[in-house]
Amino acid sequence: MKINDLRYSSTAVLTSVVVLGMAALSFYAYHNWQLSPATKSATMPSTLNNTATDPIRFMENRVKQDPEDFVALNKLAGYYLQRLRETGNVAYIDLTARAARASLTAVPAEVNSGGLAALAQTEFASHNFAAARDHALQLTTLDPGKSYPYQMLGDALLELGNYEQAIAAFKQMEQRNKIGGSVSVETRQARLALLQGNPDSAQQHFSNALAFARNLPLRPPETLAWCHWQLGETAFAIGNYEIAEQHYRNALMAFHGYFNALASLGRVRAARGDLPGAIQQYEEAVRRLPDPTFVAALGDLYKLAGNEKDAAAQYALVEEIGHLSVVNGTLYNRQLALFYADHNLKPEVAYTNAKQEYAVRRDIYGADALAWTALKAGKLTEAQVAIKQALRLGTQDAKLFYHAGMIARAAGDQAAAHDFLQRALTLNPQFDPLQAVVAKKALAE
């Protein structure tokens, strides 16, 4: 394997667009310290042209000199994953996969658990959750006494909607965590608390995770920013906009230009009535990372501001990004389906995409996407069945309640429609710049 196969080109970095998946990877795009210790010292993109200080270039040179140096390949994969978390750039998914596969070619998985773990992380990042699950299971036999295989297994199972198995895996992870609490343990507990409808507990666990991150020897900026951002997301979900905004600003102080916080700050500015400020924030987020969710939100804000031409341009860009490559199609399938449904576009395409994904990935947000797209495609009965699955954990999410309310309204169940819409708007009155307006109008009727 040549080093040219691993090194990204500047063109690939500039033209590739990705973020790790809205609800799913926004919860899991953080460090696995036991799995990839090399990522602890990963540097910021500003060092890319300095081989002496950039660990990626250093490791690429080592691999160039010895293509079978599996230790260097594993470390290189870790650095690529770190850069992926920092930038959201899809080029690093492919680079990580190449490094991991090269490592496993040099030394088989039976004596190279680091290479297998890197491959599983890549599969997770590219939304191939079934493969990530299977490789995590293999790791539990290769490294049965370590916590990281169960952490990876639980993550994959959670995204596949196998919640009971995921909880069992996380318990195994916690039992093997020899240092007690950690960022990894606390964030998994927070995720479960959110899914089970307990935002207060989730907030406490994310706060604990932030405290652990602050006590790490290197205090990685991206991890600190991610924890602050999650605290902001938790506050926003229950309508605490002022607190959410402060957490987003703290995230940006911890890691300048952190793309998730930039976009979320735009969303909370819109919720607080600052449309120009919201547009400015989303424009900055899109400049850094043209993720379809960011682009669609910017289009919605342009629309609210009366700028129909720029709104239409953003909406067209959402589709272009979603179909840019096979990888993008996998990553953004759900986002694109929801975009179509929200904007009453291509209902059959949206429904087909959501249904195909739900056949494999049966989590509650997959059920919600199926329900919402089924409603827009005129398949009311299927929408009613799917929304029940989406609500089965008791998750407190205004969009879930909004979708349930609109489905009940379409079915003629005015009492249920009123209840769900009221719950959505009470929980988070400005959950979405456009859809909250629709919800209020429907409730008034």
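Before I go on: it's a predicted model, so local features need pLDDT of at least 70 and side-chain atom pairs count only at pLDDT 80 or more, while totals for chains, interfaces and linings use all residues. Residues are numbered from 1 along each chain as its sequence is written, and side-chain values use heavy atoms, with hydrogens and water left out.

Overall picture, then. Of the 445 residues, 57% count as buried, meaning under 20% relative accessible area, with exposed being over 50% and partly exposed in between, using a 1.4 Å probe and protein chains only. Take contacts (heavy atoms within 4.5 Å) between residues at least 6 apart in sequence: 59% of them join residues at least 24 apart.

Now, the helix pairs. Helix α22, residues 398-410, packs on helix α23, residues 414-427, at about 160°, with the axes 7 Å apart. That makes α22 roughly antiparallel to α23. Axes here are lines fitted to C-alpha atoms, for helices over the stretch in contact, and angles run from 0 to 180 degrees between N-to-C directions; under 35 degrees is roughly parallel, over 145 roughly antiparallel, 65 to 115 roughly perpendicular, and the rest oblique. On the α22 side, the residues that meet α23 include Phe401, Tyr402 and Met406, and on the α23 side they include Phe420, Leu421 and Leu427. By class, that contact has 12 nonpolar, two polar and two charged residues. For the classes, Ala, Val, Leu, Ile, Met, Phe, Trp, Tyr, Cys and Pro are nonpolar, Asp, Glu, Lys and Arg are charged, and the others, Gly among them, are polar.

What about α23 and helix α24, residues 435-444: at what angle do they cross? Roughly 140°, and their axes come within 10 Å, so these two are oblique to each other. His418, Leu421, Gln422 and Leu425 in α23 meet Ala436, Ala439, Lys440, Ala442 and Leu443 in α24. That contact divides into six nonpolar, two polar and one charged.

Serine 184 sits in helix α10, residues 183-195, and is buried at 8% relative accessibility. The serine 184 side chain makes a 3.2 Å polar contact with the side chain of glutamine 151. Glutamate 284, in helix α15 (residues 275-288), is partly exposed at 23%.

How values were computed. Helices (H or I, at least four residues) and strands (E, at least two) are DSSP runs, numbered from the N terminus. A polar contact is a pair of N or O atoms within 3.5 Å; within protein, one must be able to donate a hydrogen and the other to accept it, and residues adjacent in sequence count only if both atoms are side-chain atoms.
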